[in-house]
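Trainee: I would like to learn how to read a few features of a protein model. Please give me the general idea each time, then the case at hand.

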Amino acid sequence: MSEEKLLALPGGRTLAYAEAGNASSSTVVLYLHGAFTVGIARRLPAAILERGAHYIAPTLPGWGNSSAVPRGVAYATNLASDITALINHLHPNISDLKLYIAGGSFGTAPAQMLYGASYEVFPLGRKITALLLLGACTPFHCDKNYTKSMSWSNYLMTGPPGRLIPGLLPRLVKLFLANKFSTPNGAELFIRDTVFAKMDESERTAFAQWRVRNGKDEGEVEREMGQDIARSVAKTWEGFLCMADVLHSGWGGFTPGGLDDEHSRPPILIVSAKRDDMTPEAWSTYLVDNYKNGRIKSIEGGHIAALFQMDAIWAEFMNL
């Protein structure tokens with residue numbers, strides 16, 4: 001596992017990140033995490049190792065040790081600035097850079113922001129080779145049917161009700177979760193109840209087989225997730241509190257179907273799970289219907305089902 005590193009940014013801000021692989025490689029994989037975790041680099045998929053790529057996992061603004069987005073600055077603009085600073089810091093010579101961008105769950109929103117950003121805002125966009133979306137969020141400002149497949153909890157948190165009094169519901173949820181997430185053990189119990197307990201028999205079997213293949217002891221994955229949850233909110237809850245605002249922010253103004261040919265050149269692999277109640281498959285279907293160069297990979301299982309097929313997914317992605 002890579003130790004967390006901190007990059008000093010202008011204005012006294014900090015960007016936390018982890019990295020692994022070949023730091024001198026011109027092939028860079030940028031992974032953007034979901035909610036209630038941080039940038040980690042525990043185990044690289046075989047496809048990344050075989051290519052000798054450099055894997056970079058920043059912690060998104062307002063999570064863990066990464067500073068929140070400054071007031072008055074658009075999330076998409078700040079994200080592009082932070083990621084540009086990070087990649088320029090690690091790869092100052094970018095002439096032959098190949099940039100693979102991936103995101104999981106909530107992290108698919110910032111991943112798409114980078115993919116669709118204007119080259120004036122994110123010049124490194126010209127270096128994007130491919131985009132991977134695992135459990136994808138849909139752009140609410142474009143997808144007029146985004147609420148139809150939402151669970152009630154997501155609808156209340158990030159749908160129209162959550163926008164009536166911005167910040168109210170997230171703060172109430174924070175009051176409920178803060179004690180549970182104050183320790184890794186408490187967070188582990190929560191993730192067991194809300195994610196692992198919902199698996200059906202076939203998904204439990206896939207999980208057990210994946211653990212054996214990857215040398216994971218029983219309970220090790222749940223403990224790691226509990227540790228990551230606790231780390232993500234130990235310093236600030238700002239990342240969680242602004243999630244609804246980010247999803248409704250307009251994502252820098254782009255629309256999946258409105259991208260020009262150059263922006264649409266990099267292929268997109270969208271992985272969706274059929275029983276995912278957090279990022280429903282209908283969202284992925286919307287994206288593949290609107291991105292000019294997207295394709296969907298539908299798998300069995302719930303929200304974390306992609307974890308158990310990650311080596312195959314990464315191999316397909318790196319060969320796009």
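**Cysteines, charges and a strand**

Mentor: We begin with cysteines. The structure holds 0 disulfides, a disulfide being a pair of cysteine sulfur atoms within 2.5 Å. This is a predicted model, where local features need pLDDT of at least 70, side-chain atom pairs count only at pLDDT 80 or more, and totals for chains, interfaces and linings use all residues. Residues are numbered from 1 along each chain as its sequence is written, and side-chain values use heavy atoms, with hydrogens and water left out.

Trainee: Next, charges. How many salt bridges are there?

Mentor: The criterion is a side-chain nitrogen of Lys or Arg within 4 Å of a carboxyl oxygen of Asp or Glu. The structure holds 17 salt bridges. One of them links Asp311 and Arg43, with the closest N and O atoms 3.0 Å apart.

Trainee: Where do Asp311 and Arg43 lie?

Mentor: Helices (H or I, at least four residues) and strands (E, at least two) are DSSP runs, numbered from the N terminus. Asp311 lies in helix H14 (residues 310–318), and Arg43 in the loop between strand S3 (27–32) and helix H1 (46–50), so the pair ties together parts that are 268 residues apart in sequence. Asp311 is partly exposed at 32%. Arg43 is partly exposed at 40%.

Trainee: Which residue forms a salt bridge with Lys274?

Mentor: Glu300 does, with the closest N and O atoms 3.0 Å apart. Lys274 sits in the loop between strand S7 (268–273) and H13, and Glu300 in the loop between S8 and H14, so this pair joins parts 26 residues apart in sequence. Lys274 is partly exposed at 47%, while Glu300 is exposed at 53%. Separately, salt bridges with shared partners join Arg42, Lys216, Glu220, Glu224 and Asp228 into one network.

Trainee: Now a strand. Which way do the side chains of S3 point?

Mentor: In a regular strand the side chains alternate between the two faces of the sheet. In S3, Thr27, Val29 and Tyr31 point one way, and Val28, Leu30 and Leu32 the other way; all are buried. With 6 of its 6 residues buried, S3 is largely enclosed by the rest of the structure.

Trainee: Which strands pair with S3?

Mentor: Pairing requires that DSSP finds at least two bridges between two strands. S3 runs parallel to strand S5 (residues 98–104), joined by 6 bridges. There, Tyr31 stands opposite Ala102. S3 also pairs with strand S4 (residues 54–58) in the parallel sense, over 3 bridges. Here Val28 has His54 as its bridge partner.

Trainee: One last case. What is Asn78 in contact with?

Mentor: Contact means heavy atoms within 4.5 Å. Asn78 is found in helix H2 (residues 75–90) and is buried at 5%. Leaving aside neighbours within four places in sequence, Asn78 contacts Arg13, Pro61, Val69, Pro70 and Val73.

Methods:
Buried < 20%, exposed > 50% of the residue type's maximum accessible area, 1.4 Å probe, protein only.
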